[in-house]
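Hi,

Here is the structure I said I would pass on.

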Amino acid sequence: MKPSLLDLTLEELSKEVKPSFRAKQIYNWIYQHYVTDIEQMKNLPKALREELRERFVLHPLKIVQVQRSSDGSKKYLFVAEDGLTIESVLLPMKPEIRDKSGKVIKESKYTICVSSQVGCKIGCSFCLTAKSGFKRDLTPGEIVAQILLLKMDNEIAPNRRVNVVYMGMGEPLDNLENVTKAIKVLNESNGLAIGMRRQTISTSGLSHQIKRLGEMDLGVLLAISLHAVDDALREELMPINRAYNIESIIEAVREFPIDQRKRVMFEYLVLGGLNDDIKSAKKLVKLLHGIKAKVNLIYFNPYPGSPYTRPSEEKMEEFKSYLNSHGVICTIRESKGLDISAACGQLKEQHDSA
Ligand code: SAH
Ligand code: SF4
């Protein structure tokens, strides 16, 4: 596979092209003008365009399928150069507001959920991505392309900021190098200029990698997929817990540098009858003591053959109220895109088995 222009930070690109000021022009074409072909970079000399075409691809992914949900979220299936497929989801968080004359007075807000690997090695029992096994890490350019192509396809202006969450397929901290490179490319002020605090890495809890990420001090936000409050259940759901138990994760989180105004997000997937009781809520409050945390309760999103059930709304509300009344900020994540199976790995599964 040829490398992609999207793999490179501005500094790296400056070293690849001569004279180096051409790098800014190339960045400008890609991220501000949304060109789809190197040929469209009109102010570059023909020889340079030819050289670029020989050495690089522009977009390393192509959109193969789009599914729109009734709640406005859109799920994208991409194919990579080697034929493997991955998916991303565009989530409109707040709709645009127009005045009486129809003029937009408040722009809509978007979050883009991206994949970091094809498949995943972690093997969680509730996750569809785990079922397809692990194929390979995504390159930095393939991660950047998911955001760029979604913005392009939805005509979201280049200077409009979006939030990025690494919550699609794969374990981002198992592909730390490429993910952090993508984060830097996305952060470039001549590129999409997505602030570090607008990017959230979600992890199944690789404690040693959380430490490494913390040492890089990028300023990104962290989300921990906790899902259980005792090691026995967590091991059952997430075999990785044998290597990195709950205590080691909490310890790594305590050391993680985070903006004073921000919080570490703890995701808690609620499985009917397994971890939805008040005893678990109590333990969770204890566990998070002293951490600037925010808990996100997630409804289990069932798929054909999945071994778990969705919790009742009542249980979810009770759990949330307990946390809130004991000083832990907690929200329930609406299951966006339920009708298009927007939980990780589910569109791909439908496509590949069709
Ligand atoms: N590997 C990382 C990021 C990708 S998974 C991680 O595990 O954090 C993103 C989130 O989707 C995780 O919190 C994961 O637990 C959740 N998830 C996986 N399968 C799900 C399902 N069937 N229903 C609801 N959420 C699910
Ligand atoms: Fe991998 Fe995350 Fe799915 Fe677990 S939940 S198998 S870590 S993608």
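To start you off: in which loop is alanine 193 found? Alanine 193 sits in the loop between α6 (176-187) and β10 (199-203). Before I go on, please keep in mind that this is a predicted model.

I picked alanine 193 because its phi is positive, at about 50°, although it is not a glycine, and most residues other than glycine have a negative phi. Tyrosine 34 has a positive phi too, near 55°. You will find tyrosine 34 in the loop between α2 and α3 (46-55). With a relative accessible area of 16%, tyrosine 34 counts as buried, because the cut-off is under 20%.

There is one more backbone point to look at. The peptide bond that joins lysine 18 and proline 19 is cis, with omega about -10°. Proline 19 belongs to the loop between α1 (10-16) and α2 (22-32).

Now the overall layout. The chain splits into domain 1 (1-58) and domain 2 (59-353). Their C-alpha centres are 31 Å apart, and 19 residues of domain 1 make contact with 24 residues of domain 2.

What about the interior? The largest nonpolar core has 108 residues, and the members that touch the most others are Leu5, Met41, Phe266, Val295 and Leu323. Helix α5 (residues 140-153) gives the most to this core, with eight residues. Both domain 1 (1-58) and domain 2 (59-353) supply residues to the core, so it lies between them. A second, separate core has seven residues, Leu91, Cys113, Val165 and Ala223 among them.

Setting aside neighbours within four places in sequence, methionine 41 is in contact with Leu5, Ile26, Trp29, Ile30, Val35, Arg49 and Leu58.

Helix α5 is also where glutamate 142 sits. Is glutamate 142 buried or exposed? Glutamate 142 is buried, with a relative accessible area of 1%. Its side chain makes a polar contact of 2.9 Å with the side chain of arginine 136, and the glutamate 142 side chain also reaches the backbone nitrogen of threonine 139 at 2.9 Å. Beyond four places in sequence, the contacts of glutamate 142 are Met1, Pro60, Leu61, Ala80, Arg136 and Asp137.

On to the ligands. Around ligand 1 there are 19 residues, and the closest are Gly170, Ser202, Ser225, His227 and Asn301. Which distances would I check on screen? Here are the ones I noted:

- A backbone N or O atom of glycine 170 is 2.9 Å from a nitrogen atom of ligand 1.
- For asparagine 301, a backbone N or O atom is likewise 2.9 Å from a nitrogen atom of ligand 1.
- In glutamate 171, an N or O atom of the side chain is 3.3 Å from a nitrogen atom of ligand 1.

Serine 202 is buried, with a relative accessible area of 8%. A 2.9 Å polar contact links the side chains of serine 202 and glutamate 267. Not counting residues up to four places away in sequence, serine 202 touches Tyr166, Met167, Glu171, Pro172, Ala223, Ser225 and Glu267.

Which residues are around ligand 2? They are Cys120, Ile122, Gly123, Cys124, Phe126, Cys127, Ala130, Gly170, Glu171 and Ser204. By class, this shell has six nonpolar, three polar and one charged residues.

Last, asparagine 163, which is in strand β9 (residues 163-166). Asparagine 163 is partly exposed, with a relative accessible area of 25%. The asparagine 163 side chain makes a polar contact of 3.1 Å with the side chain of arginine 198. Neighbours within four places in sequence aside, asparagine 163 is in contact with Tyr110, Thr111, Ile112 and Arg198. Leucine 52 is 111 residues from asparagine 163 along the chain, and their C-alpha atoms are separated by 30 Å.

Cheers

Key. Residues are numbered from 1 along each chain as its sequence is written. Chains are lettered from A and ligands numbered from 1 in the order in which they are written. This is a predicted model: local features need pLDDT of at least 70, side-chain atom pairs count only at pLDDT 80 or more; totals for chains, interfaces and linings use all residues. Side-chain values use heavy atoms; hydrogens and water are left out. A residue is near a molecule or strand if one of its heavy atoms lies within 4 Å of it. Ala, Val, Leu, Ile, Met, Phe, Trp, Tyr, Cys and Pro count as nonpolar, Asp, Glu, Lys and Arg as charged, and the others, Gly among them, as polar. A nonpolar core is a set of buried Ala, Val, Leu, Ile, Met, Phe, Trp, Tyr and Cys residues joined through side-chain atoms within 4.5 Å. Buried means under 20% relative accessible area, exposed over 50%, partly exposed in between (1.4 Å probe, protein chains only). Helices (H or I, at least four residues) and strands (E, at least two) are DSSP runs, numbered from the N terminus. Domain bounds come from an automatic or database domain assignment. Contact means heavy atoms within 4.5 Å. A polar contact is a pair of N or O atoms within 3.5 Å; within protein, one must be able to donate a hydrogen and the other to accept it, and residues adjacent in sequence count only if both atoms are side-chain atoms.
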